[in-house]
Amino acid sequence: MKKIEAIIKPFKLDEVREALSEVGVTGLTVTEVKGFGRQKGHTELYRGAEYVVDFLPKIKLEIVVAETVVDTAIEAIVKAARTGKIGDGKIFVTSVEQIVRIRTGETNEAAI
């Protein structure tokens, strides 16, 4: 089993969720986060004063899938989240050793 963490632009969330649903991903966790990479933030003007916005709003998706679905899920995220501009985000894939569904006690593949 693998955990996919994707950092994407907030306005791409619905498109990514729909793309993942189409490839059979049934559950995901969404968190509003802030950060920066090569974008390095930007300057804004507010009431005549200029200030730097260092951390930009992003969305972090967390998905746990079977290893057979990993490449399909990544491909769906990339296609749906890509704008072609800087700041589109990143995807991280890590191994998951064990899953337990609290309600039923199911473990691993059955608990996904």
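**Charged side chains in a predicted chain**

Mentor: Lys58 is buried but forms no salt bridge, and Asp88, the nearest side chain of opposite charge, lies 7.1 Å away. Buried denotes under 20% relative accessible area, exposed over 50%, and partly exposed in between (1.4 Å probe, protein chains only). A salt bridge requires a side-chain nitrogen of Lys or Arg within 4 Å of a carboxyl oxygen of Asp or Glu. For charge, Lys and Arg count as positive, Asp and Glu as negative, and His and the chain ends are not counted.

Trainee: Which backbone oxygen does the side chain of Lys58 reach?

Mentor: The side chain of Lys58 reaches the backbone oxygen of Gly87 at 2.7 Å. Lys58 itself belongs to strand S5, residues 56-65. Strands (E, at least two residues) and helices (H or I, at least four) are DSSP runs, numbered from the N terminus.

Trainee: How many helices and strands does the protein chain have, and in what pattern do they follow along the sequence?

Mentor: The protein chain has two helices and six strands, arranged along the sequence as β-α-β-β-β-β-α-β. With a radius of gyration of 17 Å, well over the 13 Å that the globule rule gives for 112 residues, the protein chain is more spread out than a compact globule. That radius is taken over C-alpha atoms, and the rule is 2.2 Å times the number of residues to the power 0.38. The C-alpha atoms fill a box of roughly 60 × 30 × 20 Å along the principal axes, and buried residues make up 29% of the 112 residues.

Trainee: With which residue does Asp88 form a salt bridge?

Mentor: Asp88 pairs with Lys9, the closest N and O atoms being 3.8 Å apart. Asp88 sits in the loop between helix H2 (70-81) and strand S6 (89-95), and Lys9 in the loop between S1 and helix H1 (13-22), so that the pair links distant parts of the chain, 79 residues apart. Asp88 is buried, with a relative accessible area of 17%, and Lys9 is buried at 12%.

Trainee: Where do Lys79 and Glu75 lie, and by how much of a helix are they separated?

Mentor: Lys79 and Glu75 are four residues apart in helix H2, a separation of about one helical turn. Their side chains meet in a salt bridge at 3.6 Å, N to O. Lys79 is exposed at 63% relative accessibility, and Glu75 is partly exposed at 47%.

Definitions and conventions. Residues numbered from 1 in each chain as written. Predicted model: local features only at pLDDT ≥ 70, side-chain atom pairs only at ≥ 80, totals over all residues. Heavy atoms only, no water. Polar contact = N/O pair within 3.5 Å; in protein donor to acceptor, adjacent residues only side chain to side chain.
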